[in-house]
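Here are a few notes to read alongside the structure. Have it open as you go through the points.

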Amino acid sequence: MRLDKSRSSRNVEDRRANGPRLSGGKIGLGTIVLALVALYFGVDPNVVLNLAGGPTSAPQSQPIAASDTQGQTIAKILGETEDVWRDIFAKQTNGSYRDPVLVLYRGATPTACGAGQSAMGPFYCPADQKLYIDLGFFTEMEQKMGVKGNFAPAYVIAHEVGHHVQNQLGMMRRVDEARRSGSASQARQASVRLELQADCYAGIWANHADAQRQILEPGDIRSALDAAQAVGDDTLQKQSQGYVVPDSFTHGSAQQRMAWFMQGYQTGQLNMCDTFTRPDPAS
């Protein structure tokens, strides 16, 4: 991935020097949601709940050091997403894109959705419109999941930014309403469709970023697809329990995630990422 023409985003909060932080206060719905996500990833949900109930400590942020190569790369990737989505919103929605904030942290950190923990992986909090990433996740992707290439982190960030796009377009609100009014099975299906759409939006970003600044190098799309495959529900379930339970999927199968990323990458159009009504390209 070439980022020599890319600018660094100013919307990065670096909390890594703080270490794990306790959010304090009451345990709300956002905390419970994160606890359920923790349970899915094999993390003791009591860790999240205990973090939420601890003493309040305001997180401190500092600029990314010039010598922090990984942090600087993350800031450039975020800058690429900002430039691309501002342009797409102007041309395809007649609206204005509001940049999210990306928070780099280590271990645990407070969020407006409850206490976030690194073992849950990268996530987006719609309540504060921030992306949360412990960079150790990318090390784990490479060492434990076998995902190589520097475009894999870009795919992950673009996916989380995709959730921010959904939030601005009102998709998250509509899905939340459907979850509340439907059955547990319907809620899971809505969750899967939301995640697959974020994958498709990540593909749209790759399409436009390369068209505008030629960021892609040979092997980059393969790296993104390897990352999508590694975090597919079926892949994770096979690794953790040895078998697959499709009815329990929350993000989609590896094949679905790869197919929807390619749908966005090949078309570059928001209307081609309607995962709720369009046929599944993986079928």
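1. Rings first: those of Phe, Tyr and Trp (its six-membered ring) pair if their centres lie within 6.5 Å; planes under 30 degrees apart count as stacked, over 60 as edge-to-face and the rest as tilted. With that in hand, look for W85, F89, Y97 and Y201, which form one aromatic cluster.

2. A word on the source. This is a predicted model, where local features need pLDDT of at least 70, side-chain atom pairs count only at pLDDT 80 or more, and totals for chains, interfaces and linings use all residues. Residues are numbered from 1 along each chain as its sequence is written, and side-chain values use heavy atoms, with hydrogens and water left out.

3. Back to the rings: searching the whole structure turns up 8 aromatic pairs. F137 and F138 have ring centres 6.0 Å apart and planes at 70°, so they pair edge-to-face. Both residues are buried (under 20% relative accessible area, with exposed over 50% and partly exposed in between; 1.4 Å probe, protein chains only). Across the protein's 283 residues, 52% count as buried.

4. Now try E160, in helix α5 (residues 151-169); helices are DSSP runs of H or I, at least four residues, numbered from the N terminus. What is the nearest side chain of opposite charge to E160? That is R257, 6.6 Å away, and E160 is buried yet has no salt bridge (a side-chain nitrogen of Lys or Arg within 4 Å of a carboxyl oxygen of Asp or Glu). Lys and Arg count as positive, Asp and Glu as negative; His and the chain ends are not counted.

5. Leaving aside residues up to four places away in sequence, E160 touches P122, F123, Y124 and L131 (contact means heavy atoms within 4.5 Å).

Key: Helix = DSSP H or I, 4+ residues; strand = E, 2+ residues; numbered from the N terminus.
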